[in-house]
Amino acid sequence: MSSTVAGLLQVGLLIAALAVVYRPFGDYMARVYTSTKHLGVERAVYKVARVDPGSEQRWGTYALGVLGFSFVGVALLYVLQRVQSVLPWDFGRGNVPPGMAFNTAVSFVTNTNWQSYVPETVMGHTVQMVGLTVQNFVSAAVGMAVAVALVRGFLRHRTDRLGNFWVDLTRGVVRILLPVAFAFAILLVATGVVMSLKSGVDVDGQTVATAPVASQEAIKELGTNGGGVLNANSAHPFENPNAWSNLIEIFLILVIPVSLTRTFGTMVGERKQGYVLLGVMGALWSAMLAVIWAAEAHGLRALEGKELRFGVPGSALFANSTTGTSTGAVNSMHDSFTGLGGGGALLNMLFGEMTPGGVGTGLYSILVMAVIAMFLAGLMVGRTPEYLGKKLGRREVTAAAVSILAMPTVLLIGAGVAALLPSTADALNNPGEHGLSEILYAYASASNNNGSAFAGITVTSDWFQASLGVCMALGRFVPIIAVLALAGSLAAQRKVPVTAGTLPTTGPLFATLLAGAIVLVAALTFVPALALGPIAEALL
Amino acid sequence: MTSFAKQALAGLRVLLVLTVITGVLYPAAVWAVSRLPGLHANAEAADTTSVAVPREGEQWFVARPSAATLPASGGSNKGERNTDYDAVIAERRTEIAQRESVGQDRVPPDAVTASASGLDPHISTAYALLQVPRVARENGLPEDRVRELVAEHTDGRALGFLGEPGVNVTALNRALDSAT
């Protein structure tokens, strides 16, 4: 069987697996966020933490909850790394230096999981489990909570209440992420993923580092986090030993972002509203897969930075899925991709992470883009736009625009300044236009909370640690605040009845508008920068 | 107290409880289940054939080039149009052709490119067969016997279509060790 046919069958199996769980899992998640009952363990959490699960919050309080929770998350993770030498299982790796600890703390709390450190020599097992694994769970649950709050904004009318952040957060962890991650962590061990508390294992006379990988691996993919337990991430045979584990990991990356479109359709009471979003996500994901796969298959050095067991198809499928979601785990080194293949991975991020996007973040990002698309359509026909029975007035469109523009703003300022700094030349691993691509990729990854890298670039200087940390924080929290403000203003409205003048948002016209808006916004913003990097590489 | 501080304090309490659940109990539970027979060997990477490290000596099959600095893993991250790296690849090709006494055009792509992890246990069948004459000679084994060993340690595609086939160098070298 040719590699291409085998690869297509592999894609087919992945899609079939996603299709099987789509309805039950999507509906299950809808029940999680709409149920009025609390589980015993959840009541215990609320009791110990002294929060009232019965009180609903205004959008501002909900946002302060997200910000407060993330702030203490950064603080705790920073402290844990800074005192690592007194914690068990540190293997003499010592305290993590301040700049690196700050960058890593922001990185994991913002669901970016950008890594400026080499895990095998820097991070001990305690920080990996008690610090990093925890943020793998809760940062993903925060993303889902914000998405659900936005959906409630569309659903509710004439109220200033969006739900309770602590309840949404806890339920996301307890009812969705924890059981699925546990089951898949065990399954991953069965395929050969390592779960060891030792520091390393002897292989033919040399030591290769080990870690408690499986528990973090499962949530790393499921929560679209992506931070490798080991340096080579999902290219490491201890994290991803064979084609089975590879397919399972890609499935985990996609399962929540894809199924959340069903959750959305179920919650708003019209399933087609979810299917149309899934259709747009799927179309762009498929198109980008074709680009990356074809480009890599024709690479001059196709196997550089790739593992033989995955080959080009398994590497392209993983790369497209990890950058189309905000995961950032890698099973091949994107820095060694062709100009077009690496550029495709970069473009996936520049779409704003919504094909299908991160856990929760993908859904709220594409809903914000739907608001923009309807606004553009409204301009064309000279009519106040509506979406899901809500008018999109000045407040709503402003909030959506702020949410969309935050990422390009911090990305282009960060990358622009970095390109001007004389010290940056020494940080690059490749000369010429690919060097610029390394800078662009780094800031795109940080600002979109992706976390993958053109990893040749050395990002341990104070400038990179600080600026990428700031990009990650602004790229995460500015859109979240804007999205919650949008949700608040939508919830306050009354429902507008559907009339003959309402543009239906379940058909191909809307799908085309939405896909067009995603591509156009990215193209208008980034073509000049892309022309100097990946486009130049691909054409030269 | 400002409302941010109030939310942050509530957040700290929630975070500490969730840390116990997801940062202590969860990994402990996964670890405990991974001790079960059937999973334990995987969890501790007992047979280590999922990774390859360089082995010194003419008698061994050579794995793919590695950019890793053990105990850490990693790739070269060299771009496709990096001309300095072209020279490195050309040098590898010359060396391999010399070592196996063949023409440079017979050196397969996986032999000259660094893997993503630097620990890739596999080489292509073409690269394994290229090495057979030298390995057979150095070990005093008939070439047919060595070719048999290569075939025995070739991993096909799972289900016939998942992943790409390759020869596991670590397992092959150990089999060679016990065959001599």
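**Backbone features, helix packing and the chain interface**

Arg50(A) lies in the loop that links α2 (40–49) and α3 (59–82) of chain A. The model described here is predicted. Arg50(A) is not a glycine, yet its phi is positive, at about 55 degrees. The residue counts as exposed, because 10 C-beta neighbours lie inside 10 Å and the limit for exposed is 12 or fewer.

Thr48(B) has a positive phi of about 50 degrees, although it is not a glycine. Its place is the loop between α2 and α3 of chain B. Thr48(B) counts as buried, because it has 21 C-beta neighbours inside 10 Å and buried residues need 20 or more.

Cis peptide bonds were also found. In chain A, one such bond joins Thr355(A) and Pro356(A), with omega at about 5 degrees. Pro356(A) sits in the loop between α12 (339–350) and α13 (361–381) of chain A. In chain B, a cis bond joins Leu70(B) and Pro71(B), and omega is about 10 degrees. Pro71(B) belongs to the loop between α2 and α3 (83–100) of chain B. Most residues other than glycine have a negative phi, and most peptide bonds are trans.

Helix packing was examined next. Two packed helices are described by the angle between their axes and the distance between the axes. Within chain A, helix α7 (residues 165–191) packs against helix α9 (residues 243–268) at an angle of about 160 degrees, and the axes are 9 Å apart. The pair is therefore roughly antiparallel, as angles over 145 degrees are classed that way. The crossing of α7(A) and α9(A) is left-handed. Helix α7(A) contributes Phe184(A), Leu187(A), Leu188(A) and Thr191(A) to the contact, while α9(A) contributes Trp244(A), Ser245(A), Ile248(A) and Leu252(A). By class, these residues are 6 nonpolar, 2 polar and no charged.

Helix α7(A) also meets a helix of the other chain. The axes of α7(A) and α1(B) come within 11 Å and cross at roughly 10 degrees. The two helices are therefore roughly parallel, the class for angles under 35 degrees. Their crossing is right-handed. On the α7(A) side, the contact residues include Trp166(A), Leu169(A), Val173(A) and Phe182(A). On the α1(B) side, they include Val14(B), Leu18(B), Thr22(B) and Tyr26(B). The contact of α7(A) with α1(B) holds 14 nonpolar residues, 1 polar residue and no charged residues.

The interface between the chains was then counted as a whole. It brings 68 residues of chain B into contact with 96 residues of chain A. On the chain B side, the elements that give two or more residues are α1 (3–33), α2 (40–43), α4 (109–112) and β1 (122–123). The largest share, 22 residues, comes from α1(B). The chain B side has 32 nonpolar, 26 polar and 10 charged residues.

Arg157(B) touches residues of both chains. It is found in the loop between β2 (154–155) and β3 (166–168) of chain B. Its contacts in chain A are Ala6(A) and Ala243(A). Leaving aside residues up to four places away in sequence, Arg157(B) touches Leu162(B), Gly163(B), Glu164(B) and Pro165(B) in chain B. Arg157(B) is partly exposed, with 19 other C-beta atoms within 10 Å.

Chain B was also viewed by domain. The domain assignment gives domain 1 (3–43) and domain 2 (83–179). The C-alpha centres of these two domains lie 43 Å apart.

Terms used:
Residues are numbered from 1 along each chain as its sequence is written. Chains are lettered from A and ligands numbered from 1 in the order in which they are written. This is a predicted model: local features need pLDDT of at least 70, side-chain atom pairs count only at pLDDT 80 or more; totals for chains, interfaces and linings use all residues. Helices (H or I, at least four residues) and strands (E, at least two) are DSSP runs, numbered from the N terminus. Two residues are in contact if their C-beta atoms, placed from the backbone, lie within 7 Å. Ala, Val, Leu, Ile, Met, Phe, Trp, Tyr, Cys and Pro count as nonpolar, Asp, Glu, Lys and Arg as charged, and the others, Gly among them, as polar. Axes are lines fitted to C-alpha atoms, for helices over the stretch in contact, and angles run from 0 to 180 degrees between N-to-C directions. Angles under 35 degrees count as roughly parallel, over 145 as roughly antiparallel, 65 to 115 as roughly perpendicular and the rest as oblique. A crossing is left-handed if the near helix is turned anticlockwise from the far one by less than a right angle, and right-handed if clockwise. Domain bounds come from an automatic or database domain assignment.
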